[in-house]
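Please look at the sequence and the model first.

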Amino acid sequence: MPQTRDAAALHQAHDVDYAVTAHKVSKNYGDVEALKDLSLEFPRGQLTTLLGPSGCGKTTLLKIIAGLLAPNSGEIQVDRKTVTGPGPDRAFVFQDFALLPWASVIRNVAFGLELRGVAKSEREGIAEKYIQDVGLGGFENSFPHELSGGMRQRVGLARALAVDARVLLMDEPFSAVDEQTRRKFQEDLLSLVQHENKTFIFVTHSIEEAVYVSDQIAILLPRPSRVSEIIRPSGFRNRGSENIRRDPEYLDIVDRIWSSLRSYVE
Amino acid sequence: MTVFGRRLPGMSSLILWGLLWEVVGRLGVTFFIPPLSEVLVTLFATIGTPAFTKALSETAYAFTMGVTSAIVIGVPVGILMGKNRLLDELLLPWVNIFLSAPLTALVPVLMVLFGFGMKSIIITTTLFAIWIIILNSRAGVMQINRSLIEMAHSFGASPIDAFVKIYFWAALPEILGGVRIGVIRAVKGVIIGQLLISIVGFGALFELYSANFLMSHFWAVLIVLFALAFTISEFLAFLERRVAYYAAKR
Amino acid sequence: MRGRSLYLKLLSAVIVFGAWETAGRIPVSYAFPTFFESMSALATLFLDGTIFTAYAETLKPLVVGVAISAVLGIGLGLWIGLSEKFDWLFSPIFVVMQSAPLAALIPLLVMAYGIGLTSKVFVVCIMAMPVIVLNTSGAVRNTPSVLKEMGRAFLGTDRDLILKIVIPAASPIIFAGLRLGISAGFIGAILAELKITPTGVGDIITYSRSIADYPRMYAAIFSIIVLAVLFLNLLEKVEQVLFKGNQRGYASD
């Protein structure tokens, strides 16, 4: 695949700035090796996807980067500072939303700021802006159980954006929403990456989704988890989101990833 | 809890509490708490006495009769309520009322209607156990997967076949759950009945011991009672887990 | 459909009270008054004010006992739910208490604390406390781990996590535990009045029985059951309004 080799060459030539680096990270759960000596770099301002079959440790890696899990060995650096726990430089978007069911949309969105001790009027002003941004204007005083799955995840996204972290960690954020909503989310995510100067780390098990949204795809293979391949789709990124799915490069990459993952399907 | 990397078994703290009891008893803090060791010695001495065996067998009899009638009446009523909407709407308010009503207040009525004896105690026990059994059997039937019933019909099952082969088994986890809670309530009911009608079973024994200030006898009987109650409830929980495996997969 | 349900409830009440009336008329027993006799005795109790003084007396140990159990029980439950050590130390006691016939302790309490208010409060407490403690600790332990993880990811301190996530998440179940505790407290309060010393409603029941005034006895029993059921139903309604949607709103629905 010429385009990926080109990308790799390009990437070495320009000494890319990395926002997050994982260096020889290992994680065991009892006797099970979830991750083994995994090293990976995440370029600043881009979206990197961790893609792999279930059980490949992609969520584990994401939670280690978030500081929610401690690695057994190795380290994570964010802006060259070693991660020891959750920090203000990272925000997390959860697969099952993790909204407080007893709190209104605005309190949920402002919750990260509330925990940082931001005054009520100030944090609600910030939350209001992001509620508008994700398209939930008018739902400020609704409760999570009154919203659809897709709207709930918009609340989760707004909460992560509201704390204005430089790195956004997304754990299969679209897996609990229906297919149409998911496609809309993917388009929105592309424009988010373009307009917000943030580094995105995105976990998914959908090959199409990964190729559609990513600047860099790290394919993880399981037991113990390691990076088997890094692919940088580059050719179709500027041709408009509606054309990506029929771009030959897009289709080629999807095909190629499938052929390398198919042997891992149980 | 883990100590030095080893997991302590669940109920092991009771040993610590037993030791504390022994110390408090030895120190002679209060007349009402004799040392545990003394209570245990009394326990083994009392357990074989005719007074104790009589109390135990009377209680066991009242309990067994009460629980049996609660199950024999409660399960079919619950299943019928689950299947028949009219019956359900007529009976459900009453079942809910008696489920939360303070049934102790009914014991005096039972006493004047059925006399100061075994019969009243058995009925008290039944009244404590039956409502939750009815309610759970009903819930068990109502949650049965529709396609399971349609499957039975499409393969030509007779109503009796459907009842015996589908309804009962599909509702079994809930029914057993109800029976377990019902039995725990029955244990409380049988003791409350005996306390209020204190000429039978442990009620009589308690009167005897407290009249004569036999503290270690009193505690010995309490330990036996609590241990029996706990064993029964754990055993039923164990049975429930054995059928619960398919409850999640229906 | 709402009309049908109300109609059936009324029908069901008519059937049951009618059966009571008929059984009283036959009569099935010399000690079985008719429904109307009992209700007129209840009306008399209301009119001469007896019932109000009686309930003032009966509810005293209940209110004090439930208040003590609620404060101690929720406090202890939170502690057990949050600390593994406390869980190990205290859980077994409450698990045993929950399945044990604690009423058997009453003769001992009477010996230790006499026949006054203290003993009665104690009876209410031992009946109400276990379910409050176990519900609270269970609810705290079962806080959805994803919410706690979210709290940590957004830099919540332990204190934030407990106050803003664990306790609100557990409160519906804690409240349900309180309701069950009050239900058990009613049983304890009446048991205390019937077993320890007849006061309040227990006195009306015991005294009426001794002079064979059965309608009055049935009326008193009827009133306490109605009171308990109405109060507990009210609490359940409050619960539904207060925690509407609290248990929902997670991923799967």
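## A helix and its neighbours

The buried residues of α9(C) pack against α5 (107-114) of chain B, and also against α3 (50-82), α8 and α10 of chain C. Those buried residues of α9(C) are C:G200, C:V201, C:G202, C:I204, C:I205 and C:S208. Here a residue is buried if 20 or more other C-beta atoms lie within 10 Å of its own, exposed if 12 or fewer, and partly exposed in between, with C-beta atoms placed from the backbone. Just after α9(C), C:A212 has a positive phi of about 60°. Helices (H or I, at least four residues) and strands (E, at least two) are DSSP runs, numbered from the N terminus.

This is a predicted model, in which local features need pLDDT of at least 70 and side-chain atom pairs count only at pLDDT 80 or more, while totals for chains, interfaces and linings use all residues. Residues are numbered from 1 along each chain as its sequence is written, and chains are lettered from A and ligands numbered from 1 in the order in which they are written.

## How the chains meet

Two pairs of chains touch, and the most contacts are between chains B and C. Two residues are in contact if their C-beta atoms, placed from the backbone, lie within 7 Å. In this pair, 44 residues of chain C are in contact with 40 residues of chain B. On the side of chain C that touches chain B, at least two residues each come from α1 (2-25), α4 (84-99), α5 (106-113), α8 (158-195), α9 (200-210) and α10 (214-242) of chain C. The largest share, nine residues, comes from α10(C). By class, this side of chain C has 34 nonpolar, five polar and five charged residues. In this count Ala, Val, Leu, Ile, Met, Phe, Trp, Tyr, Cys and Pro are nonpolar, Asp, Glu, Lys and Arg are charged, and the others, Gly among them, are polar.

The contact between chains C and A takes 18 residues from chain C and 22 residues from chain A. Helix α7(C) gives the most, with seven residues. The side of chain C that touches chain A has nine nonpolar, five polar and four charged residues. Chain A and chain B do not touch, and their nearest C-alpha atoms are 14 Å apart.

## Chain B as a whole

Chain B has ten helices and two strands. Along the sequence, the pattern of chain B is β-β-α-α-α-α-α-α-α-α-α-α. The radius of gyration of chain B is 22 Å, well over the 18 Å that the globule rule gives for 250 residues, so chain B is more spread out than a compact globule. That radius is taken over C-alpha atoms, and the globule rule is 2.2 Å times the number of residues to the power 0.38.

The C-alpha trace of chain B spans about 75 × 60 × 30 Å along its principal axes. Of the 250 residues of chain B, 41% count as buried.

## Strands of chain A

In chain A, four strands form an open antiparallel sheet in the order β2-β1-β4-β5. Its edge strands are β2 (32-43) and β5 (81-82) of chain A, each pairing on one side only. Two strands pair if DSSP finds at least two bridges between them. Strand β1 (residues 18-29) of chain A pairs with β4 (residues 73-78) of chain A in the antiparallel sense over five bridges. A:A22 stands opposite A:I76 in β4(A).

Strand β3 (residues 47-51) of chain A is mostly covered, with five of its five residues buried. Of these, A:L47, A:T49 and A:L51 lie on one side and A:T48 and A:L50 on the other. β3(A) pairs in the parallel sense with strand β8 (residues 199-204) of chain A over five bridges, and A:L50 has A:V203 as its bridge partner in β8(A). Four bridges join β3(A) to strand β9 (residues 216-221) of chain A, also parallel, and A:T49 has A:I217 as its bridge partner in β9(A).
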